[in-house]
Amino acid sequence: AMGGSVGYVKSLNYLPSTVIVDSVEDFTMDQYPNEHEAKHEHEHEHEQTDLGVAGTTTTTTTTTNEPEWKKELTSRVATLLQERGGFPIPYSIIRSRFQRSIPDEALIEAISASAVLVRGNFILKTSLMALSNVYVENTRDVILILMQKYGVVQRVKLYKAFQGCNVIHGNGNGNGNGNGDNDVALIVTMDVINSLLDLMGRKTMNGVEMKIDDDLMFESQYPDVAKFHAMYWDRKEKELRRYIRLYEEQDDVVDTNELSEMFSGKR
């Protein structure tokens, strides 16, 4: 966990000053005395579904039969992550923002309602990013899938995958007239890809990596959590397999500013 925390602290120069100022949340479960005793009763009941929320792409709203403390905690965590605007955050940093009286299990469940795990760090779900359309949302999820699998994404390969999907796969499923993927080629420009990558990544010799170091310690400490999030990414990869396949079929491309400018039409 140390690597992720150090990487996060070093990366604060990427963030606006209003985001850097942190304080410990005043939320405690003692504010809900009538429900505090029922905590363990709800924990087992929702253990699978709450962590499974990481497998949904709709909303962070919790069910009505959940205790108020859990709803409030989930809401506060969601606000914290949304303030970061999709920037990856280690669990240890989120943990430091909440009182130690809140159990790790309850906090992780709350995080999983609005964030997904990528290489041991949490990042806001795409569905909560208020992106312009489904094509841009899919592009962000493809980036996160590739980051999870390989730890690096090459911008030009990604651009060519989205530009070439209508040529190779028609409408993406091998039938139809391909109009949907023609829209993809028009909407997912190099500027869109750069904007999404710049928010979460840093440029390296091999491509773009996450802005903070992988947190392998978290996954070893919470293997069940890592398993649920891995299942989420497996489902996402199946949904977006045509883009992933097109990306993986290409040879590596040296990622230079000149090359990306050429593809974006600036040269």
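1. Basis. The model is predicted, with pLDDT of at least 70 needed for local features and 80 or more for side-chain atom pairs, while totals for chains, interfaces and linings use all residues. Residues are numbered from 1 along each chain as its sequence is written, and side-chain values use heavy atoms, with hydrogens and water left out.

2. Helix pair. Helix H5 (residues 68-83) and helix H7 (residues 104-112) have axes that come within 8 Å and cross at roughly 55°. Helices here are DSSP runs of H or I with at least four residues, strands are runs of E with at least two, and both are numbered from the N terminus. Axes are lines fitted to C-alpha atoms, for helices over the stretch in contact, and angles run from 0 to 180 degrees between N-to-C directions. H5 and H7 are therefore oblique to each other (under 35 degrees is roughly parallel, over 145 roughly antiparallel, 65 to 115 roughly perpendicular, and the rest oblique).

3. Residues between H5 and H7. H5 contributes Trp69, Lys70, Leu73, Thr74, Val77 and Leu81 to the contact, and H7 contributes Ala106, Leu107, Glu109, Ala110 and Ile111 (contact means heavy atoms within 4.5 Å). By class, the residues of this contact are eight nonpolar, one polar and two charged (nonpolar: Ala, Val, Leu, Ile, Met, Phe, Trp, Tyr, Cys and Pro; charged: Asp, Glu, Lys and Arg; polar: the others, Gly among them).

4. Burial of H7. Seven of the nine residues of H7 are buried (under 20% relative accessible area, with exposed over 50% and partly exposed in between; 1.4 Å probe, protein chains only). Glu109 is among the buried residues, and Glu109 also takes part in the contact with H5.

5. Sheet. Three strands form an open antiparallel sheet in the order S1-S3-S2 (two strands pair if DSSP finds at least two bridges between them). Strands S1 (89-90) and S2 (115-118) are at the edges with a single partner strand each, so one side of each has no neighbour in the sheet.

6. Strand pairing. S1 is joined to S3 (residues 121-124) by two bridges, and Ile89 stands opposite Phe122. Four bridges join S2 to S3, with Val116 opposite Ile123. The hairpin of S2 and S3 has two residues between the strands, and Arg119 there takes a positive phi near 55°.

7. Helix H13 (residues 223-239) lies across S2 and S3, at about 95° to S2.
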